[in-house]
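Work through these exercises with the sequence and the 3D view side by side. Try each task before you read its solution.

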Amino acid sequence: MQNRRAVVVGAGVAGLASAIVLSKLGWRVALLERRERLKGDDLGMILWASGVRALRALGVDATLDAAGTPVERFEIRNEDRLSSSFGGAMLGADDGTPSVMVHNAMLYEALVSRLGDSVEVHPAVQVDRIDMVDLAAGDATRRWDADLVVAADGIDSPTRPLVAPGSPTVDAGVVVFRGIIPAHRAPERSAEAVEVYGPDRRRFGYGDLGHAGACWWATVPGGMRPESPQIQHELINRWFADWPAPVGKYIAATRPSELTQQSVRYVWPVPGRLHQAAGGSGGLVLMGDAAHGVAPILAQGGSLALEDAVTLGWALRRTPESVPDALASYDRARLPRLKRVARLSRRVHTIASGGRGVTRGLLRAVPDSWVQSQAASLADWQPPR
Ligand SMILES: Cc1cc2nc3c(=O)[nH]c(=O)nc-3n(C[C@H](O)[C@H](O)[C@H](O)COP(=O)(O)OP(=O)(O)OC[C@H]3O[C@@H](n4cnc5c(N)ncnc54)[C@H](O)[C@@H]3O)c2cc1C
(Lines give C-alpha, C1' and ligand atoms only; values in the text may rest on other atoms or scores of the structure.)
Protein backbone atom coordinates (compact mmCIF):
# COMPACT_ATOMS: atom_id res chain seq x y z
CA MET A 1 0.00 0.00 0.00
CA GLN A 2 2.87 2.39 -0.78
CA ASN A 3 1.92 6.01 -1.50
CA ARG A 4 -1.64 5.57 -0.41
CA ARG A 5 -3.19 8.65 1.14
CA ALA A 6 -5.30 8.70 4.26
CA VAL A 7 -7.15 11.56 5.90
CA VAL A 8 -7.72 11.20 9.63
CA VAL A 9 -10.39 13.54 11.00
CA GLY A 10 -9.83 14.33 14.67
CA ALA A 11 -6.66 14.15 16.76
CA GLY A 12 -7.99 12.54 19.91
CA VAL A 13 -6.64 9.19 21.10
CA ALA A 14 -8.35 7.33 18.23
CA GLY A 15 -7.10 9.75 15.54
CA LEU A 16 -3.51 9.87 16.81
CA ALA A 17 -3.35 6.08 17.14
CA SER A 18 -4.79 5.63 13.64
CA ALA A 19 -2.27 8.08 12.19
CA ILE A 20 0.59 6.18 13.86
CA VAL A 21 -0.64 2.86 12.47
CA LEU A 22 -1.13 4.20 8.94
CA SER A 23 2.25 5.91 8.80
CA LYS A 24 3.95 2.70 9.97
CA LEU A 25 2.31 0.98 7.01
CA GLY A 26 3.76 3.55 4.62
CA TRP A 27 0.64 5.66 4.07
CA ARG A 28 0.83 9.43 3.70
CA VAL A 29 -1.49 10.82 6.34
CA ALA A 30 -3.19 14.21 6.71
CA LEU A 31 -4.34 14.56 10.32
CA LEU A 32 -7.03 17.25 10.53
CA GLU A 33 -7.95 18.67 13.93
CA ARG A 34 -10.35 21.49 14.64
CA ARG A 35 -8.53 22.69 17.75
CA GLU A 36 -5.71 25.22 17.42
CA ARG A 37 -3.23 23.04 19.29
CA LEU A 38 -2.72 19.33 19.68
CA LYS A 39 -2.87 18.70 23.41
CA GLY A 40 -4.37 16.31 25.90
CA ASP A 41 -6.57 17.16 28.86
CA ASP A 42 -5.67 17.70 32.47
CA LEU A 43 -7.49 14.54 33.55
CA GLY A 44 -6.70 11.14 34.96
CA MET A 45 -7.93 8.01 33.27
CA ILE A 46 -7.79 4.25 33.72
CA LEU A 47 -6.28 2.24 30.92
CA TRP A 48 -7.10 -1.43 31.19
CA ALA A 49 -4.57 -4.15 30.32
CA SER A 50 -6.23 -4.38 26.88
CA GLY A 51 -5.48 -0.71 26.20
CA VAL A 52 -1.94 -1.08 27.53
CA ARG A 53 -1.39 -3.96 25.07
CA ALA A 54 -2.78 -1.85 22.23
CA LEU A 55 -0.44 0.99 23.17
CA ARG A 56 2.49 -1.43 23.18
CA ALA A 57 1.55 -2.53 19.68
CA LEU A 58 1.80 1.15 18.67
CA GLY A 59 5.30 1.35 20.15
CA VAL A 60 4.26 3.18 23.34
CA ASP A 61 5.03 1.78 26.79
CA ALA A 62 2.22 2.88 29.11
CA THR A 63 4.42 3.11 32.19
CA LEU A 64 7.72 4.32 30.70
CA ASP A 65 6.52 6.59 27.89
CA ALA A 66 3.18 7.78 29.28
CA ALA A 67 4.17 7.65 33.00
CA GLY A 68 1.21 5.36 33.81
CA THR A 69 0.97 3.98 37.35
CA PRO A 70 0.06 0.28 37.61
CA VAL A 71 -3.19 -0.35 39.48
CA GLU A 72 -2.65 -3.16 41.97
CA ARG A 73 -6.29 -3.48 43.02
CA PHE A 74 -9.69 -2.40 41.79
CA GLU A 75 -12.33 -1.92 44.48
CA ILE A 76 -16.03 -1.22 44.36
CA ARG A 77 -17.47 0.02 47.64
CA ASN A 78 -21.11 0.19 48.56
CA GLU A 79 -21.06 3.30 50.75
CA ASP A 80 -18.45 2.33 53.36
CA ARG A 81 -18.63 -1.42 52.79
CA LEU A 82 -16.36 -3.29 50.37
CA SER A 83 -18.62 -4.78 47.76
CA SER A 84 -16.21 -6.26 45.28
CA SER A 85 -12.50 -6.22 44.58
CA PHE A 86 -9.97 -7.86 42.31
CA GLY A 87 -6.25 -7.63 41.73
CA GLY A 88 -4.95 -5.72 38.72
CA ALA A 89 -2.70 -8.69 37.99
CA MET A 90 -5.77 -10.84 37.31
CA LEU A 91 -6.67 -8.66 34.32
CA GLY A 92 -3.35 -9.19 32.61
CA ALA A 93 -3.00 -12.73 33.86
CA ASP A 94 -1.99 -14.18 30.50
CA ASP A 95 1.03 -12.00 29.89
CA GLY A 96 1.51 -9.92 33.06
CA THR A 97 0.32 -6.70 31.42
CA PRO A 98 -0.69 -4.16 34.07
CA SER A 99 -3.73 -1.90 33.97
CA VAL A 100 -2.66 1.68 34.67
CA MET A 101 -3.89 5.07 35.83
CA VAL A 102 -2.52 7.63 33.43
CA HIS A 103 -2.58 11.41 33.03
CA ASN A 104 -4.44 12.06 29.77
CA ALA A 105 -2.02 14.79 28.65
CA MET A 106 0.98 12.47 29.14
CA LEU A 107 -0.67 9.70 27.17
CA TYR A 108 -1.46 12.24 24.48
CA GLU A 109 2.15 13.49 24.34
CA ALA A 110 3.45 9.93 24.10
CA LEU A 111 1.17 9.32 21.10
CA VAL A 112 2.11 12.62 19.41
CA SER A 113 5.80 11.74 19.78
CA ARG A 114 5.21 8.54 17.77
CA LEU A 115 3.63 10.25 14.76
CA GLY A 116 5.83 9.32 11.83
CA ASP A 117 7.36 11.68 9.24
CA SER A 118 4.63 10.81 6.78
CA VAL A 119 1.97 12.39 9.02
CA GLU A 120 1.13 16.02 8.22
CA VAL A 121 -0.74 17.66 11.07
CA HIS A 122 -3.26 20.38 10.19
CA PRO A 123 -4.65 22.08 13.30
CA ALA A 124 -7.56 24.54 13.18
CA VAL A 125 -9.34 22.60 10.43
CA GLN A 126 -12.99 21.95 11.18
CA VAL A 127 -13.96 19.27 8.67
CA ASP A 128 -17.48 19.87 7.49
CA ARG A 129 -17.57 18.03 4.20
CA ILE A 130 -16.69 14.54 3.09
CA ASP A 131 -16.87 13.74 -0.61
CA MET A 132 -17.86 10.08 -0.92
CA VAL A 133 -17.63 10.06 -4.73
CA ASP A 134 -14.10 11.40 -5.26
CA LEU A 135 -13.06 10.49 -1.76
CA ALA A 136 -11.83 13.54 0.15
CA ALA A 137 -12.42 15.50 3.35
CA GLY A 138 -12.03 19.18 4.14
CA ASP A 139 -13.72 22.46 4.95
CA ALA A 140 -15.10 25.32 2.87
CA THR A 141 -11.70 26.30 1.48
CA ARG A 142 -9.50 23.20 1.61
CA ARG A 143 -9.78 19.63 0.48
CA TRP A 144 -7.60 16.58 1.13
CA ASP A 145 -8.01 13.71 -1.35
CA ALA A 146 -7.73 10.23 0.07
CA ASP A 147 -7.91 6.49 -0.50
CA LEU A 148 -9.10 6.11 3.09
CA VAL A 149 -10.89 8.52 5.42
CA VAL A 150 -10.73 7.70 9.12
CA ALA A 151 -13.46 9.53 11.02
CA ALA A 152 -12.14 9.81 14.58
CA ASP A 153 -14.11 12.95 15.35
CA GLY A 154 -15.56 11.96 18.70
CA ILE A 155 -18.98 11.07 20.06
CA ASP A 156 -20.77 13.89 18.23
CA SER A 157 -19.30 12.78 14.92
CA PRO A 158 -21.31 14.23 12.04
CA THR A 159 -19.83 11.38 9.96
CA ARG A 160 -21.46 8.54 11.91
CA PRO A 161 -24.91 9.09 10.34
CA LEU A 162 -23.35 8.56 6.88
CA VAL A 163 -22.36 5.03 7.88
CA ALA A 164 -24.76 4.20 10.70
CA PRO A 165 -27.83 6.42 10.67
CA GLY A 166 -29.54 4.28 13.33
CA SER A 167 -26.93 4.90 16.04
CA PRO A 168 -27.60 8.22 17.77
CA THR A 169 -26.24 9.34 21.14
CA VAL A 170 -28.28 8.78 24.28
CA ASP A 171 -28.13 11.11 27.29
CA ALA A 172 -27.02 9.03 30.28
CA GLY A 173 -28.64 11.50 32.69
CA VAL A 174 -25.50 12.12 34.73
CA VAL A 175 -22.64 14.57 34.84
CA VAL A 176 -19.10 13.69 35.88
CA PHE A 177 -16.88 16.13 37.75
CA ARG A 178 -13.21 15.28 37.63
CA GLY A 179 -10.37 16.66 39.70
CA ILE A 180 -6.63 16.35 39.37
CA ILE A 181 -4.36 17.15 42.29
CA PRO A 182 -0.62 17.78 41.89
CA ALA A 183 1.68 15.36 43.72
CA HIS A 184 2.73 17.76 46.51
CA ARG A 185 -0.91 18.33 47.52
CA ALA A 186 -2.27 14.83 46.89
CA PRO A 187 -3.93 13.22 49.91
CA GLU A 188 -3.19 9.66 50.97
CA ARG A 189 -1.95 7.63 48.02
CA SER A 190 -2.54 4.00 47.26
CA ALA A 191 -2.06 1.65 44.35
CA GLU A 192 -5.80 1.03 44.18
CA ALA A 193 -8.48 2.44 41.93
CA VAL A 194 -11.60 2.72 44.06
CA GLU A 195 -15.18 3.61 43.21
CA VAL A 196 -17.69 4.20 46.00
CA TYR A 197 -21.39 3.85 45.25
CA GLY A 198 -23.46 6.06 47.53
CA PRO A 199 -27.02 7.20 47.99
CA ASP A 200 -28.98 9.25 45.44
CA ARG A 201 -27.25 7.63 42.46
CA ARG A 202 -23.95 9.34 43.27
CA ARG A 203 -20.56 7.72 42.90
CA PHE A 204 -17.04 8.82 43.79
CA GLY A 205 -13.86 7.25 42.44
CA TYR A 206 -10.17 7.98 42.99
CA GLY A 207 -6.74 6.75 42.00
CA ASP A 208 -3.03 7.51 42.01
CA LEU A 209 -1.14 9.09 39.11
CA GLY A 210 2.37 8.67 40.56
CA HIS A 211 4.52 11.75 39.87
CA ALA A 212 1.52 13.38 38.17
CA GLY A 213 -0.38 13.40 41.49
CA ALA A 214 -3.80 11.93 42.15
CA CYS A 215 -7.18 12.12 40.50
CA TRP A 216 -10.84 11.60 41.34
CA TRP A 217 -14.15 11.53 39.55
CA ALA A 218 -17.61 12.20 40.97
CA THR A 219 -20.76 11.16 39.13
CA VAL A 220 -24.03 12.89 40.00
CA PRO A 221 -27.45 12.72 38.37
CA GLY A 222 -28.58 15.70 36.32
CA GLY A 223 -27.09 17.98 33.69
CA MET A 224 -24.10 20.30 33.42
CA ARG A 225 -23.91 22.91 36.19
CA PRO A 226 -23.82 26.51 35.00
CA GLU A 227 -22.22 27.87 38.20
CA SER A 228 -18.62 29.07 38.56
CA PRO A 229 -15.93 26.49 39.44
CA GLN A 230 -15.88 27.94 42.98
CA ILE A 231 -19.61 27.24 43.47
CA GLN A 232 -19.30 23.83 41.78
CA HIS A 233 -16.55 22.96 44.25
CA GLU A 234 -18.82 23.98 47.13
CA LEU A 235 -21.67 21.90 45.72
CA ILE A 236 -19.44 18.84 45.41
CA ASN A 237 -18.30 19.40 48.99
CA ARG A 238 -21.93 19.44 50.10
CA TRP A 239 -23.03 16.45 48.01
CA PHE A 240 -20.23 14.25 49.36
CA ALA A 241 -19.99 15.81 52.86
CA ASP A 242 -20.63 12.72 54.97
CA TRP A 243 -19.05 10.14 52.70
CA PRO A 244 -16.44 7.78 54.14
CA ALA A 245 -12.75 8.80 54.09
CA PRO A 246 -10.82 9.60 51.99
CA VAL A 247 -13.52 11.15 49.76
CA GLY A 248 -13.57 14.49 51.62
CA LYS A 249 -9.76 14.69 51.56
CA TYR A 250 -9.66 14.43 47.77
CA ILE A 251 -12.27 17.18 47.38
CA ALA A 252 -10.59 19.43 49.94
CA ALA A 253 -7.17 19.03 48.27
CA THR A 254 -8.56 20.15 44.90
CA ARG A 255 -8.70 23.78 43.81
CA PRO A 256 -11.74 24.94 41.84
CA SER A 257 -9.43 25.59 38.85
CA GLU A 258 -8.51 21.88 38.88
CA LEU A 259 -12.12 20.79 38.32
CA THR A 260 -13.76 19.86 35.04
CA GLN A 261 -17.26 18.63 34.32
CA GLN A 262 -18.61 16.60 31.44
CA SER A 263 -22.11 15.42 30.65
CA VAL A 264 -22.29 11.74 29.80
CA ARG A 265 -23.73 10.35 26.60
CA TYR A 266 -23.23 7.12 24.76
CA VAL A 267 -23.88 5.74 21.29
CA TRP A 268 -26.76 3.29 21.21
CA PRO A 269 -27.15 0.88 19.57
CA VAL A 270 -23.60 0.19 18.42
CA PRO A 271 -23.54 0.58 14.61
CA GLY A 272 -24.15 -2.59 12.65
CA ARG A 273 -21.20 -1.63 10.47
CA LEU A 274 -18.25 0.69 10.91
CA HIS A 275 -17.25 1.44 7.34
CA GLN A 276 -18.49 2.33 3.91
CA ALA A 277 -16.78 1.74 0.57
CA ALA A 278 -16.30 5.07 -1.23
CA GLY A 279 -14.57 6.72 -4.16
CA GLY A 280 -14.29 3.53 -6.24
CA SER A 281 -11.49 1.67 -4.48
CA GLY A 282 -11.40 3.56 -1.21
CA GLY A 283 -13.38 3.69 2.00
CA LEU A 284 -14.47 5.58 5.09
CA VAL A 285 -14.19 4.06 8.56
CA LEU A 286 -15.38 5.20 12.00
CA MET A 287 -12.97 4.94 14.94
CA GLY A 288 -13.15 5.46 18.69
CA ASP A 289 -16.06 7.38 20.19
CA ALA A 290 -17.20 8.42 16.70
CA ALA A 291 -18.10 4.78 16.15
CA HIS A 292 -19.09 3.50 19.55
CA GLY A 293 -18.74 6.00 22.42
CA VAL A 294 -19.67 3.75 25.34
CA ALA A 295 -21.09 4.76 28.74
CA PRO A 296 -17.86 5.55 30.63
CA ILE A 297 -18.77 3.67 33.83
CA LEU A 298 -16.33 0.84 33.01
CA ALA A 299 -13.58 3.20 31.76
CA GLN A 300 -13.31 1.41 28.43
CA GLY A 301 -13.49 4.18 25.78
CA GLY A 302 -9.78 5.03 25.57
CA SER A 303 -8.73 1.38 25.41
CA LEU A 304 -11.31 0.63 22.72
CA ALA A 305 -10.06 3.57 20.63
CA LEU A 306 -6.49 2.23 20.80
CA GLU A 307 -7.65 -1.31 19.99
CA ASP A 308 -9.57 0.04 16.98
CA ALA A 309 -6.44 1.61 15.52
CA VAL A 310 -4.30 -1.49 16.06
CA THR A 311 -6.99 -3.65 14.44
CA LEU A 312 -7.22 -1.29 11.45
CA GLY A 313 -3.47 -1.75 10.95
CA TRP A 314 -3.86 -5.53 11.10
CA ALA A 315 -6.69 -5.45 8.54
CA LEU A 316 -4.77 -3.24 6.10
CA ARG A 317 -1.68 -5.45 6.41
CA ARG A 318 -3.77 -8.56 5.86
CA THR A 319 -5.51 -7.31 2.72
CA PRO A 320 -3.09 -4.77 1.25
CA GLU A 321 -4.58 -4.86 -2.23
CA SER A 322 -8.11 -3.68 -1.34
CA VAL A 323 -9.21 -1.00 1.12
CA PRO A 324 -12.90 -2.10 1.07
CA ASP A 325 -11.90 -5.72 1.79
CA ALA A 326 -9.60 -4.61 4.60
CA LEU A 327 -12.41 -2.52 6.11
CA ALA A 328 -14.80 -5.46 5.88
CA SER A 329 -12.25 -7.58 7.83
CA TYR A 330 -11.94 -4.72 10.30
CA ASP A 331 -15.70 -4.75 10.92
CA ARG A 332 -15.75 -8.50 11.43
CA ALA A 333 -12.87 -8.33 13.88
CA ARG A 334 -14.20 -5.41 15.92
CA LEU A 335 -17.96 -5.59 16.05
CA PRO A 336 -18.44 -8.58 18.41
CA ARG A 337 -16.18 -7.05 21.05
CA LEU A 338 -17.59 -3.55 20.67
CA LYS A 339 -21.13 -4.82 21.06
CA ARG A 340 -20.21 -6.83 24.15
CA VAL A 341 -18.44 -3.91 25.85
CA ALA A 342 -21.19 -1.42 24.94
CA ARG A 343 -23.92 -3.75 26.22
CA LEU A 344 -22.12 -4.38 29.51
CA SER A 345 -21.30 -0.68 30.00
CA ARG A 346 -24.94 0.22 29.42
CA ARG A 347 -26.17 -2.51 31.76
CA VAL A 348 -23.84 -1.45 34.58
CA HIS A 349 -24.77 2.20 34.00
CA THR A 350 -28.46 1.28 34.32
CA ILE A 351 -27.83 -0.63 37.57
CA ALA A 352 -25.83 2.28 38.95
CA SER A 353 -28.63 4.68 38.02
CA GLY A 354 -31.28 2.75 39.93
CA GLY A 355 -32.64 4.17 43.17
CA ARG A 356 -30.73 3.72 46.41
CA GLY A 357 -32.35 0.39 47.29
CA VAL A 358 -32.02 -0.99 43.77
CA THR A 359 -28.31 -0.27 43.39
CA ARG A 360 -27.46 -1.34 46.92
CA GLY A 361 -29.51 -4.54 46.58
CA LEU A 362 -27.96 -5.39 43.23
CA LEU A 363 -24.43 -4.67 44.40
CA ARG A 364 -25.02 -7.04 47.31
CA ALA A 365 -26.61 -9.68 45.12
CA VAL A 366 -23.96 -9.72 42.40
CA PRO A 367 -21.32 -12.31 43.30
CA ASP A 368 -17.66 -11.30 43.31
CA SER A 369 -16.95 -14.07 40.85
CA TRP A 370 -19.32 -12.48 38.29
CA VAL A 371 -17.64 -9.06 38.63
CA GLN A 372 -14.21 -10.65 38.29
CA SER A 373 -15.11 -12.71 35.25
CA GLN A 374 -16.68 -9.70 33.51
CA ALA A 375 -13.64 -7.56 34.31
CA ALA A 376 -11.28 -10.26 33.03
CA SER A 377 -13.28 -10.59 29.82
CA LEU A 378 -13.15 -6.82 29.26
CA ALA A 379 -9.37 -6.83 29.63
CA ASP A 380 -8.57 -9.97 27.66
CA TRP A 381 -8.19 -8.33 24.23
CA GLN A 382 -4.95 -9.12 22.39
CA PRO A 383 -3.72 -7.44 19.20
CA PRO A 384 -4.84 -9.60 16.24
CA ARG A 385 -2.10 -11.46 14.38
C1 LIG B 1 -16.48 11.26 32.30
C2 LIG B 1 -15.66 10.35 31.41
C3 LIG B 1 -14.67 9.57 31.97
C4 LIG B 1 -13.92 8.71 31.16
N5 LIG B 1 -12.95 7.93 31.74
C6 LIG B 1 -12.24 7.07 30.96
C7 LIG B 1 -11.24 6.24 31.53
O8 LIG B 1 -10.96 6.29 32.73
N9 LIG B 1 -10.59 5.37 30.71
C10 LIG B 1 -10.86 5.31 29.37
O11 LIG B 1 -10.24 4.50 28.65
N12 LIG B 1 -11.79 6.08 28.80
C13 LIG B 1 -12.48 6.97 29.57
N14 LIG B 1 -13.42 7.77 28.99
C15 LIG B 1 -13.66 7.66 27.54
C16 LIG B 1 -12.57 8.33 26.72
O17 LIG B 1 -12.33 9.63 27.20
C18 LIG B 1 -12.99 8.38 25.26
O19 LIG B 1 -13.52 7.14 24.87
C20 LIG B 1 -11.81 8.68 24.36
O21 LIG B 1 -11.25 9.92 24.71
C22 LIG B 1 -12.28 8.72 22.91
O23 LIG B 1 -11.28 9.23 22.09
P24 LIG B 1 -11.62 9.66 20.60
O25 LIG B 1 -10.32 10.01 19.99
O26 LIG B 1 -12.47 8.64 19.95
O27 LIG B 1 -12.56 10.95 20.73
P28 LIG B 1 -12.21 12.41 21.26
O29 LIG B 1 -11.27 12.35 22.40
O30 LIG B 1 -13.52 13.09 21.48
O31 LIG B 1 -11.44 13.10 20.06
C32 LIG B 1 -12.11 13.59 18.93
C33 LIG B 1 -11.23 14.65 18.29
O34 LIG B 1 -11.81 15.06 17.06
C35 LIG B 1 -11.80 16.47 16.97
N36 LIG B 1 -12.89 16.85 16.08
C37 LIG B 1 -14.23 16.70 16.29
N38 LIG B 1 -14.93 17.13 15.23
C39 LIG B 1 -14.02 17.53 14.31
C40 LIG B 1 -14.13 18.07 13.00
N41 LIG B 1 -15.32 18.28 12.42
N42 LIG B 1 -13.00 18.38 12.33
C43 LIG B 1 -11.78 18.19 12.88
N44 LIG B 1 -11.62 17.70 14.14
C45 LIG B 1 -12.72 17.36 14.83
C46 LIG B 1 -11.98 16.93 18.41
O47 LIG B 1 -11.53 18.25 18.60
C48 LIG B 1 -11.13 15.91 19.15
O49 LIG B 1 -9.78 16.29 19.22
C50 LIG B 1 -14.18 8.65 29.78
C51 LIG B 1 -15.17 9.45 29.20
C52 LIG B 1 -15.91 10.30 30.03
C53 LIG B 1 -17.00 11.14 29.39
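**Exercise 1.** Find the bridge partner of I46 in strand 7.

*Solution.* Start at I46; its bridge partner in strand 7 is M101. Next, take the strands as a whole: strand 3 and strand 7 (residues 100-103) run antiparallel and are joined by 4 bridges. Strands here are DSSP E runs of at least two residues, helices are H or I runs of at least four, and both are numbered from the N terminus. Two strands pair if DSSP finds at least two bridges between them. Now widen the view: 3 strands make an open sheet, ordered 3-7-4, with antiparallel pairing. Strand 3 (44-47) and strand 4 (69-70) are at the edges with a single partner strand each, so one side of each has no neighbour in the sheet.

The model is predicted: local features need pLDDT of at least 70, side-chain atom pairs count only at pLDDT 80 or more, and totals for chains, interfaces and linings use all residues. Residues are numbered from 1 along each chain as its sequence is written, and side-chain values use heavy atoms, with hydrogens and water left out.

**Exercise 2.** Decide which residues of helix 2 are buried.

*Solution.* Apply the cut-offs: buried means under 20% relative accessible area, exposed over 50%, partly exposed in between (1.4 Å probe, protein chains only). The buried residues are A49, S50, G51, V52, R53, A54 and L55. That is 7 of the 9 residues of helix 2, so the helix is largely enclosed by the rest of the structure. Then look past its end: G59 follows helix 2 and has a positive phi, near 90°.

**Exercise 3.** Classify the ring pair of F240 and W243.

*Solution.* Rings of Phe, Tyr and Trp (its six-membered ring) pair if their centres lie within 6.5 Å; planes under 30 degrees apart count as stacked, over 60 as edge-to-face and the rest as tilted. The structure has 8 aromatic pairs. For F240 and W243, the centres are 4.7 Å apart and the planes stand at 70°, so this pair is edge-to-face. Check the burial too: F240 is buried at 1% relative accessibility, and W243 is buried at 11%.

**Exercise 4.** Which residue lies over the face of Y197?

*Solution.* Use the rule: NZ of Lys or CZ of Arg must be within 6 Å of the ring centre and within 35 degrees of the ring normal. R203 lies over the face of Y197, 5.6 Å from the ring centre.
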